[in-house]
Amino acid sequence: MVNELPGRVAIVTGAASGLGRGIAQRFAAEGARVVIADVDVDGGEALAAALGNDAIFVHTDVSDPDQVGALVAATVAKFGGLHVMVNNAGVSGRLRRLLDDDLSDFHRVMGVNVLGVMAGTRDAARHMAGHGGGSIVNLTSIGGIQAGGGVMVYRASKAAVIQFTKSAAIELAQHEIRVNAIAPGNIPTPILASSAEDLDPAELERFEARIRQGMRDDRPLKREGTPDDVAEAALYFATDRSRYVTGTVLPVDGGTVAGKVSRPRRQPS
């Protein structure tokens with residue numbers, strides 16, 4: 001299907017790179033007017049310029065609710081409305097054993113990953129509630145579904161996004177506002193490297209390669225996931241194809257959360 005979002009206005013936070021960039025590009029290709037929100041001025045402005053006159057960049061730190069409110073206001077002022085809100089901006093915590101973790105990144109991670117999603121959902125819904133409804137898409141992670149060691153604050157933040165999404169979906173349904181979440185997994189983006197940014201470049205490369213290989217080994221589908229796969233899921237939630245879908249969490253992970261691949265044991269000779 002093509003041109004699925006004509007006349008729609010969408011905000012994508014964290015859109016200067018990674019998954020957000022892929023979502024913004026897909027929405028623009030489908031006819032939406034897109035607002036790119038990010039703290040990365042150079043990347044955000046470059047993407048807006050590449051997408052043309054129907055895209056703008058608004059510098060936004062989503063951990064500041066006042067800036068999120070200003071983002072929604074700027075969007076409505078520029079394009080006359082808001083139909084789709086994608087709360088994608090996120091940061092990783094540092095990869096540390098729990099006993100060694102000083103939790104110094106707690107407020108930063110929770111501020112972006114949870115408060116940013118809550119403020120984005122609230123402020124988008126305030127507009128949508130008086131203008132016929134809309135769609136809100138929150139990015140969580142399979143790390144918020146599956147337990148595991150390391151990056152405990154990040155995992156907790158993404159689990160919080162899931163619970164918040166479902167709760168917001170229940171409350172906002174009366175306003176014809178759908179709220180859903182996408183849980184990406186095993187998709188190469190810069191966020192993994194940021195969890196071990198204290199390593200030197202060679203160590204960081206080995207670390208990322210080791211983690212990525214472990215993800216491949218555990219993933220039932222063997223092809224690599226891409227930002228386009230997540231953008232396709234976001235497009236589904238943004239369109240009327242999902243008009244009877246709310247409060248859901250869609251893993252886009254090659255089957256990872258379904259379970260690890262079982263390997264047959266070798267029979268004794």
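Where is the place of Thr140? Thr140 sits in the loop between strand 5 and helix 5 (152–172), and a few notes around that region and the rest of the chain follow.

1. Ground rules. This is a predicted model, where local features need pLDDT of at least 70, side-chain atom pairs count only at pLDDT 80 or more, and totals for chains, interfaces and linings use all residues. Numbering runs from 1 along each chain as its sequence is written, and side-chain values use heavy atoms, with hydrogens and water left out.

2. Overall picture. The protein chain comes to eight helices and seven strands; these are DSSP runs, numbered from the N terminus, with helices being H or I of at least four residues and strands E of at least two. Of the 269 residues, 46% are buried (under 20% relative accessible area; exposed is over 50%, partly exposed in between, with a 1.4 Å probe and protein chains only). Among contacts (heavy atoms within 4.5 Å) with a separation of 6 or more, 68% come from residues 24 or more positions apart.

3. Thr140. With a relative accessible area of 4%, Thr140 counts as buried. A polar atom of its side chain lies 2.8 Å from the backbone oxygen of Lys158. Beyond residues up to four places away in sequence, Thr140 touches Lys158, Val161, Ile162, Ala181, Ile182, Ala183, Pro184 and Val249.

4. Asn138. This one is in strand 5 (residues 134–139). Asn138 is classed as buried because its relative accessibility is 0%. Its side chain makes a polar contact with the side chain of Thr121 at 3.5 Å (a pair of N or O atoms within 3.5 Å; within protein, one must be able to donate a hydrogen and the other to accept it, and residues adjacent in sequence count only if both atoms are side-chain atoms). Residues touched by Asn138 include Asn87, Val117, Phe164, Asn180 and Ile182.

5. Leaving aside neighbours within four places in sequence, Phe27 is in contact with Leu5, Ala10, Val12, Ala32, Val34, Val84, Val86, Ala234, Leu235 and Ala238.

6. Ala231. Ala231 is in helix 8 and is buried, with a relative accessible area of 1%. Sequence neighbours within four places aside, Ala231 is in contact with Gly22, Ile23 and Arg26.

7. The lining of the second largest pocket. By class, this lining has six nonpolar, six polar and five charged residues (Ala, Val, Leu, Ile, Met, Phe, Trp, Tyr, Cys and Pro count as nonpolar, Asp, Glu, Lys and Arg as charged, and the others, Gly among them, as polar). Strand 5 and strand 6 (177–184) each supply at least two residues of the lining.
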